[in-house]
Amino acid sequence: MAFEPPQRLVRALGESSPAGDDWLEKLPETARQAVAVRELTVERVQVPGGRSSLVVLVRLPDGTPAVLKLAPPRARPESERAALAHWDGRGAVRLLESSGLPSTSGVLLLERLHPDLSVRSLPEAKSMLEAAGTLRRLWVEPPAGYTFETVAERTGRQADAMRASADAEALPLVDAALAAREQLLAAPPEERLLHGTFRQSKVLAGERSPWLAVGPDPVVGECAFDLARLVRDRVEDLIASPAGASTTRRRVKRLAESLDVDQERLRGWTLFRAVESGVRARRVGRVQDAELLLEFAGWL
């Protein structure tokens, strides 16, 4: 089978780093080797797939449905592997690597969920409720001696990039976001293992549990940081609504209350993450995305 990477993945890697080209060139052979060593039967490549990995629907030698995921180093797949192993299926997709098979760098074998059915398919109120409930299950103590990136480290890199690339129009929001980050990092209320990139599309229907999270980019820090990305889900609908600003503020309040997170800390991290994403989108030429995100950030 030809393991052709979906165009969505090709575009995303092209935006983020030219180093992705080498990984893409080697991807078909890497996928063939990963399939062969595990004696898998390939069904199809998942399309449109994600922006950071190739997802292949496969079957194990005994016929069990599974997923083979291949990701470049920039996507931190070994960090994802460690987080999934620590969660061990609690709230997240289960890692299926055989104990007798050495793990291959950048290759993860996962249980098969329903790849075309995410919690985003539900009505908005229900989808938010189910997504929040899934996220709560992931917030556990990090393993002893963890090597995961911390919120301070990740947002520090992002802050440097924001300062370097923000234009005059975005500068007031960037200044507000950076000030919020400094204040939030001064006294974090807890240290938990976080999903890192949680949103509705990262929650898929499963067999052993109605909804399970996939695709973490794990980080250790406070829960409000993780919840902040969920606040802006369906941002295009919020922007299109005449009541978008008030709906956003109500969403912050409701999510904070439902998950016992401080409302102002959630608002602060939502501001930082929206501005960071907006500035980054503008930097790589996704102008429409940037406008939506920065307008949303202005409501906070």
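Predicted model: local features only at pLDDT ≥ 70, side-chain atom pairs only at ≥ 80, totals over all residues.
User: What makes helix H7 largely enclosed by the rest of the structure?

Analyst: Helix H7 spans residues 223-231, and nine of its nine residues are buried, so the helix is largely enclosed by the rest of the structure. The buried residues include Cys223, Phe225, Asp226 and Arg229.

User: How many aromatic pairs does a search of the whole structure find, and why is the pair of Tyr146 and Phe148 called stacked?

Analyst: The search finds four aromatic pairs. The ring centres of Tyr146 and Phe148 are 6.4 Å apart, with 25° between the planes. Pairing requires centres within 6.5 Å and stacking requires planes under 30 degrees apart, so the pair counts as stacked.

User: Is Phe148 buried or exposed, and why is Tyr146 called partly exposed?

Analyst: Phe148 has a relative accessible area of 8%, and the limit for buried is under 20%, so Phe148 is buried. Tyr146 has 26% relative accessibility, which lies between the 20% and 50% limits, so Tyr146 counts as partly exposed.

User: What makes the pair of Phe225 and Trp269 edge-to-face?

Analyst: The ring centres of Phe225 and Trp269 are 5.2 Å apart and the planes stand at 90°; edge-to-face requires over 60 degrees, so the pair is edge-to-face. Phe225 lies in helix H7 and Trp269 in helix H10 (residues 263-283), so the pair ties together parts that are 44 residues apart in sequence. Both Phe225 and Trp269 are buried.

User: Which residues do ring pairs link into a cluster with Phe225, and how do you know that Arg273 lies over the face of Phe225?

Analyst: Ring pairs link Phe225 with Trp269 and Phe272 in one cluster. Arg273 lies over the face of the Phe225 ring, at 4.2 Å from the ring centre.

User: Why is helix H5 called roughly antiparallel to helix H6?

Analyst: The axes of H5 (residues 151-165) and H6 (residues 171-186) come within 11 Å and cross at roughly 160°. Angles over 145 degrees count as roughly antiparallel, so H5 is roughly antiparallel to H6. The crossing of H5 past H6 is left-handed. Among the residues that meet there are Val151, Gly156 and Met162 in H5, and Val174, Leu178 and Leu185 in H6.

User: Why are Arg76 and Asp88 called partly exposed?

Analyst: Arg76 has 29% relative accessibility, between the 20% and 50% limits, so Arg76 counts as partly exposed. Asp88, at 44% relative accessibility, also counts as partly exposed.

User: Why is Gly278 called buried, and which residues is Gly278 in contact with?

Analyst: Gly278 has 0% relative accessibility, and buried means under 20%, so Gly278 counts as buried. Gly278 belongs to helix H10. Leaving aside neighbours within four places in sequence, Gly278 is in contact with Ala290, Leu293 and Leu294.

How values were computed. Residues numbered from 1 in each chain as written. Heavy atoms only, no water. Buried < 20%, exposed > 50% of the residue type's maximum accessible area, 1.4 Å probe, protein only. Helix = DSSP H or I, 4+ residues; strand = E, 2+ residues; numbered from the N terminus. Phe/Tyr/Trp six-rings, centres within 6.5 Å; stacked < 30°, edge-to-face > 60°. Lys NZ or Arg CZ within 6 Å of the ring centre and 35° of its normal. Axes fitted to C-alpha atoms, helices over the stretch in contact; angles between N-to-C directions. Parallel < 35°, antiparallel > 145°, perpendicular 65-115°, else oblique. Left-handed = near helix turned anticlockwise from the far one by under 90°. Contact = heavy atoms within 4.5 Å.
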